[in-house]
Amino acid sequence: SKPIVAIVGRPNVGKSTLFNALAGEKISIVKDHPGVTRDRIYADVTWLTNQFTMIDTGGIEPESKDLMLSHMRQQAEIAIETADVIMFIVDVRQGLVDADFKVADMLRRSGKPIVLVVNKVDNFDKFMPDVYEFYNLGIGDPHPVSASSKLGLGDMLDEVIKFF
Ligand code: GDP
Ligand code: MG
């Protein structure tokens, strides 16, 4: 059967936008209001000759910081249990935050292949210095993308399929 790729990351980093960009259709709802995104959504993706199943683990994401961490722990556990490759999404606009380090630690300990995706890099010249900051997570090279402008997605997918 097809490899499974799970998308993990804090609320609002752009997981659903990225999922929709890769799925090529609106399956996962991008929220205007809290709680609009449906739970764990699957799509089949083809990249070059590779096919995989993608999961948006975001689901309904909490607003409060306390609940956010336990929610992210659940996301990470789902990804670690079910995925062959984990795409960990961070947000260049918000920069590195504590929750990113906590989730990165969990994912690293799992030993699963991780592709670190830095989203909202809508302008590569302008934001590249900020992208390098994410090396501090200690989970490898940060891959810049703009999910909303569909920039960098091919290079990112090349990294994902290397692990199949
Ligand atoms: P999720 O909570 O991680 O699923 O994030 P969403 O996909 O719902 O996106 C959260 C917000 O970030 C929305 O307002 C999106 O339009 C915005 N967003 C997503 N991707 C990008 C991007 O590449 N660039 C910018 N500037 N905004 C983005
Ligand atoms: Mg979402």
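Here is a chat about a helix pair and a ligand shell in a predicted model.

Colleague: Why are α1 and α5 called roughly perpendicular?

Modeller: Helix α1 (residues 15-23) and helix α5 (residues 153-161) pack at about 90°, axes 12 Å apart. Angles of 65 to 115 degrees count as roughly perpendicular, so α1 is roughly perpendicular to α5.

Colleague: Which residues make that a contact?

Modeller: L18, A21 and L22 in α1 meet L153, M156 and L157 in α5, where contact means heavy atoms within 4.5 Å. By class there are six nonpolar, no polar and no charged residues; Ala, Leu and Met are among those that count as nonpolar.

Colleague: How many residues surround ligand 1, and which are closest?

Modeller: There are 18 around ligand 1, the closest being N12, K15, T17, D122 and S148; a residue is near if one of its heavy atoms lies within 4 Å. The shell has four nonpolar, seven polar and seven charged residues, and its largest share, three residues, comes from α1.

Colleague: What makes the pairing of ligand 1 with the backbone of G14 a polar contact?

Modeller: An oxygen atom of ligand 1 is 3.0 Å from a polar backbone atom of G14. A polar contact is a pair of N or O atoms within 3.5 Å, so this one counts. Taken alone, ligand 1 exposes 580 Å², and the protein buries 80% of that (Shrake-Rupley, 1.4 Å probe).

Colleague: What are the ground rules?

Modeller: In this predicted model local features need pLDDT of at least 70 and side-chain atom pairs 80 or more, while totals for chains, interfaces and linings use all residues. Residues are numbered from 1 along each chain, chains are lettered from A and ligands numbered from 1 as written, and side-chain values use heavy atoms, without hydrogens and water.

Conventions
Axes are lines fitted to C-alpha atoms, for helices over the stretch in contact, and angles run from 0 to 180 degrees between N-to-C directions. Helices (H or I, at least four residues) and strands (E, at least two) are DSSP runs, numbered from the N terminus. Angles under 35 degrees count as roughly parallel, over 145 as roughly antiparallel, 65 to 115 as roughly perpendicular and the rest as oblique. A polar contact is a pair of N or O atoms within 3.5 Å; within protein, one must be able to donate a hydrogen and the other to accept it, and residues adjacent in sequence count only if both atoms are side-chain atoms.
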